[in-house]
Amino acid sequence: MSIIEVINLKKTFTSLEVLKGISFSLNEGEVLSIIGPSGSGKSTLLRCITNLERVESGTIIIGGDTLVETSREGKVLYADKETTSRIGQRLGLVFQNFNLFPHFSVLRNITEAPRHLFKYSKEEATELALSLLEKMGLADKAGAYPYQLSGGQQQRVSIARALALHPQVLCFDEPTSALDPELTGEILAVIKELANEQMTMVVVTTRWLSPATSLIG
């Protein structure tokens, strides 16, 4: 069953056509790597899927719900607020620059969203966060702040934060671009472990990570 289906997606910035009719489907348990040089539209595609960018035309269906489609008359139709929110909860996004809250501890960075979005109790959210930190090899960093962590550790915290929302699909936007080769290995090991656990993922990268499908570039 397709979790993500993209049909003839087009995106233009001013006069520059970045996405030129992209189509693909992603099934449960699959890992899709979108590989290409900087500026080729990889991150733009991911941002369209996660509703951070609006498209000029095409269709995006996630978990059976249509995020956007184009009518016969060429009008772009986005889903209503309730459907958009439901779709958003199916997607976890890991940014290349971590985007952790610098004034929050590692633990609070992970517990904040489950408490507000899913109404977890403090105890429930803490238990979940600690289990994810254990999974990421960061059990001893719960009380630390982002500035006290290496880049690889910060990225692992951001992965834990995304997983805390129990997404159907985990999306990575250049997850290793801000890291040196040694720290890159840490993140690739985490991605490999998640793949072995049948986590459905979309990985945008300029680097060859594994046998993959390249749509752009």
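Leaving aside neighbours within four places in sequence, which residues is Gln155 in contact with? In this predicted model, local features require pLDDT of at least 70 and side-chain atom pairs pLDDT 80 or more, whereas totals for chains, interfaces and linings use all residues. Residues are numbered from 1 along each chain as its sequence is written, and side-chain values use heavy atoms, without hydrogens and water.

Gln155 is placed in helix α5 (helices are DSSP runs of H or I with at least four residues, strands runs of E with at least two, numbered from the N terminus). Beyond the excluded neighbours, Gln155 contacts Val94, Phe95, Gln96, Phe98, Pro175 and Ile187, a contact being heavy atoms within 4.5 Å. Gln155 counts as buried because its relative accessibility is 0% (buried, under 20% relative accessible area; exposed, over 50%; partly exposed, in between; 1.4 Å probe, protein chains only). A polar atom of the Gln155 side chain lies 2.9 Å from the backbone oxygen of Pro175.

Glu56 is found in the loop between α1 (42-49) and β4 (57-62). With 38% relative accessibility, Glu56 counts as partly exposed. Not counting residues up to four places away in sequence, Glu56 touches Lys10, Lys11, Thr12 and Val76. The backbone nitrogen of Thr12 is 2.4 Å from a polar atom of the Glu56 side chain. The C-alpha atoms of Glu56 and Leu19 are separated by 9.5 Å, the two residues being 37 residues apart along the chain.

Two aromatic pairs were found in a search of the whole structure (rings of Phe, Tyr and Trp, the last by its six-membered ring, with centres within 6.5 Å; planes under 30 degrees apart are stacked, over 60 edge-to-face, the rest tilted). Phe101 and Phe104 form a tilted pair, because their ring centres are 5.1 Å apart and their planes lie at 50 degrees. Phe101 is partly exposed at 38% relative accessibility, while Phe104 is buried at 10%. The rings of Phe118 and Tyr120 have centres 5.9 Å apart and planes at 40 degrees, so this pair is also tilted. Phe118 is partly exposed, with a relative accessible area of 27%, and Tyr120 is partly exposed at 23% relative accessibility.

Conventions:
Polar contact = N/O pair within 3.5 Å; in protein donor to acceptor, adjacent residues only side chain to side chain.
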